[in-house]
Amino acid sequence: MKFRDEYRDPKAARGYADAIARITTRPWTLMEICGGQTHAIVRYGIDELLPDQVTLVHGPGCPVCVTPAEYIDKAIEIAGRPEAILCSFGDMLRVAGTGGDLLGAKSRGGDIRVVYSPLDALKIARENPEREVVFFAVGFETTAPANAMAAYQAKREGLANFSMLVSHVLVPPAMSTILDGPTSRIQAFLAAGHVCTVMGFEEYYPIAARYRVPIVVTGFEPLDILEGVYMTVRQLEEGRAEVENQYSRSVKRDGNRPAQEIMAQVFKVTPRRWRGIGDIAASGLGLSDAYADYDAEHRFGPVSAEPETETECIAGLVLRGEKKPPECPAFGTRCTPDRPLGVTMVSSEGACAAYYRYRGRHAAALKAAS
Amino acid sequence: MSDKDFVLACPAPAGDGDTVQLAHGGGGRAMERLLDTIIRPAFDNPHLARRHDGAVLDLAGPVAFATDSYVVKPLFFPGGDIGTLAVNGTVNDLAMCGARAAHLSVGLILEEGLPLDTLRRVVGSMRSAADAAGVQLVTGDTKVVDHGKADGLFVNTAGLGPVVATTPVGPGEVRAGDAVILSGDIGRHGIAVMAAREGFGFETVIESDCAPVGEPVLALIAAGIAIHCLRDLTRGGLASGVVEIAETAGVSIALDEAAIPVRDDVGSACEVLGLDPLHVANEGRFVAFVPDSEAERALAVLRRSEVSAGAVRIGTVGAGPAGDVTCRGPLGIDRIIDMLSGEQLPRIC
């Protein structure tokens, strides 16, 4: 706890906030990539400590939010097969596809198990040789190595009843897509510390150079985020657009090499549709040809992409940082965690859920009043 | 069907063996043997000894009455089991009514195939918990369901006890200005059960806080503290308990996060799993709403009982808006506290 408390020290936080205010001369808009950072910002009220000129907008880094509806539909379809056991991270269960969610499929008798690690799914496969065990592999670069390890182990053991439904996504292509958007207002990024723990931060240099945006690899504790904001604003004020590392206690420039190697062995880079954002070239991971036998889409048929239906939900704009959750007319009224219109209100890493959870249904009014 | 499956011989009557059989719930000899060898010896008391259909109790004055059903997986976890939970849970519900728990009923729903040793252990724990809480298990029922229809064993308990509080205790009595007192650290039960169920290899074993809280509540009453409301913090954690009271009482409540005790190991487990300790279950914790002027005295009384030795003041009741619960974080900024929406599910990364 002591270690955590050091990064939540109110005096140090105030010190950073004052320093940010001292160096800020113009309005700046920063995007934090990761949903974990968004939650820390809203939970601790970090945005309220910042000068009015510094605006934090929230990024696409919520793995559940960007997983396409058709993959959830496929998972539900698989879970409906009597021979199948579908294993998933818990957070995925309450997100709806085009019709219903996995919790509903579970209540209809689907054998759906919440696992905390893909290796738990392997264990279930070993213990149930007569069943088809499918692991729903979603997430960013953070979860990819462990998921790759599950496929690697399954192949090594010849575990024929194990497969993975893979919908992995990669951060850097999404950053480029957001910056390419005609209405993008992002001037700098706080990059996701845990993604960079795996991947390092070399892949951000071309983005910083091409778009002239500062990118600061940032951690998740309040002081991490405040320091990340300070480093970013300082770059903006000084007219620099560099890649810097605030989270050096966890992140090395070249990341975690063994993790990258197992990812490269098991996965290949693929095009990927992001829910609410659309198709992004080379932004996903799928199983490589050597692991095709472990691809649930090979066993149970391919996921069929269908056009997203228009709704009142503005999750796509929220995920691209073009709107903040309280700007949605449905926020807190027609859309709540109990009756969500979109994924960002459902997932525990979703931006709308963060605002609702920590600021309540009056978040818009509270913000206006402050 | 193969020849091997097709047998015309009459099956031998099921013996008791070492597992629960359907016959144990059939109302015949097997059930009597189960009751005589396991249940009655454990709960031995004059009410059960009468072997009547029910218990006849001599009650006078206002009586509190509570019931709860217990389904927990795994049945045994560090710091307790389904038996201790089933006794303490209902005992604590009675305590929250300002009552002294006196009599419990026990309904057992057993799954065919449950090891009798498991049943013995659970029943033994219930007896120990009942003794510790000063209650008698005066009547009961046992049923057996088919294999696969229950997670080993379900328990229902109901309890009665005379109300000893001399003033009304309940959400309707909560007033603006009241102090909110928490009886100790939070989140241990939920994390202990989750760790036992999922086999997390935490460095330290986190034990459930499962315990009866009647003693400190009775001590508050005996000390003449004007308790306005009590709430035990079970599923949904501190957040749900406090929000429910704020909504029912039509008040707001301001909490101070720094004052809410969470043990280091529990806090770390919550961080890893993406859970808010305020939403994690407890089984031996409660909040007390008392007038501000009596807060210090209430704390002193609570701290004399082992189960509430860590009692602290965590907040204050405000005049409204109704149902608004806020919590001041480490950076001095308030956040809203709400009940958990849906089931508590760990995040992805």
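This is a predicted model: local features need pLDDT of at least 70, side-chain atom pairs count only at pLDDT 80 or more; totals for chains, interfaces and linings use all residues.

Visitor: Which residue does a cis peptide bond join to B:Pro74?

Guide: B:Pro74 is found in the loop between E1 and strand E2 (76-77) of chain B. The peptide bond there is cis, with omega at about 0°, and the residue that it joins to B:Pro74 is B:Lys73.

Visitor: Which strands are the edge strands of the open sheet of 4 strands in chain B?

Guide: The order of this sheet is E1-E6-E4-E5 (chain B), and its pairing is mixed. An edge strand pairs on one side only, and this holds for strand E1 (63-70) and strand E5 (136-145) of chain B. From one strand to the next, the twist averages 10°. The edge strands are therefore E1 and E5 of chain B.

Visitor: What is the bridge partner of B:Leu104 in E6(B)?

Guide: Strand E4 (residues 103-111) and strand E6 (residues 153-162) of chain B run antiparallel and are joined by 8 bridges. In E6(B), the partner of B:Leu104 is B:Gly159.

Visitor: Which strands of the sheet does helix H3 of chain B touch?

Guide: Helix H3 (residues 82-96) of chain B packs on the sheet, and its direction makes about 150° with that of E1(B). The strands touched by this helix are E1, E4 and E6 of chain B.

Visitor: What is the order of the open sheet of 5 strands in chain A?

Guide: The pairing in this sheet is parallel. Strand E2 (54-61) and strand E9 (243-245) of chain A each pair on one side only, which places them at the edges. Neighbouring strands are turned by 25° against each other on average, direction ignored. The order is E2-E1-E7-E8-E9 (chain A).

Visitor: Which residue of E7(A) stands opposite A:Met31?

Guide: Strand E1 (residues 28-34) and strand E7 (residues 188-192) of chain A pair in the parallel sense over 3 bridges. In E7(A), the residue opposite A:Met31 is A:Phe189.

Visitor: What is the phi of A:Ala282?

Guide: A:Ala282 lies in strand E11 (residues 278-287) of chain A. This residue is not a glycine, yet its phi is positive, at about 50°.

Visitor: How many residues does each chain give to the contact between chain A and chain B?

Guide: The area buried between the two chains is about 2,800 Å², and carbon and sulfur atoms give 59% of that area. The contact takes 36 residues from chain A and, from chain B, 26 residues.

Visitor: How many salt bridges are counted between chain A and chain B, and which element gives the most to the side of chain A that touches chain B?

Guide: The count is 3 salt bridges, and in a salt bridge the side chains of A:Arg43 and B:Glu257 meet at 2.6 Å, N to O. The elements that give two or more residues to this side of chain A include helix H2 (10-23), helix H3 (35-44) and helix H17 (351-359). By class, this side has 18 nonpolar, 6 polar and 12 charged residues.

Key: Residues are numbered from 1 along each chain as its sequence is written. Chains are lettered from A and ligands numbered from 1 in the order in which they are written. Side-chain values use heavy atoms; hydrogens and water are left out. Contact means heavy atoms within 4.5 Å. Buried area is the accessible area (1.4 Å probe) that two parts lose on being put together, summed over both. A salt bridge is a side-chain nitrogen of Lys or Arg within 4 Å of a carboxyl oxygen of Asp or Glu. Ala, Val, Leu, Ile, Met, Phe, Trp, Tyr, Cys and Pro count as nonpolar, Asp, Glu, Lys and Arg as charged, and the others, Gly among them, as polar. Two strands pair if DSSP finds at least two bridges between them. Axes are lines fitted to C-alpha atoms, for helices over the stretch in contact, and angles run from 0 to 180 degrees between N-to-C directions.
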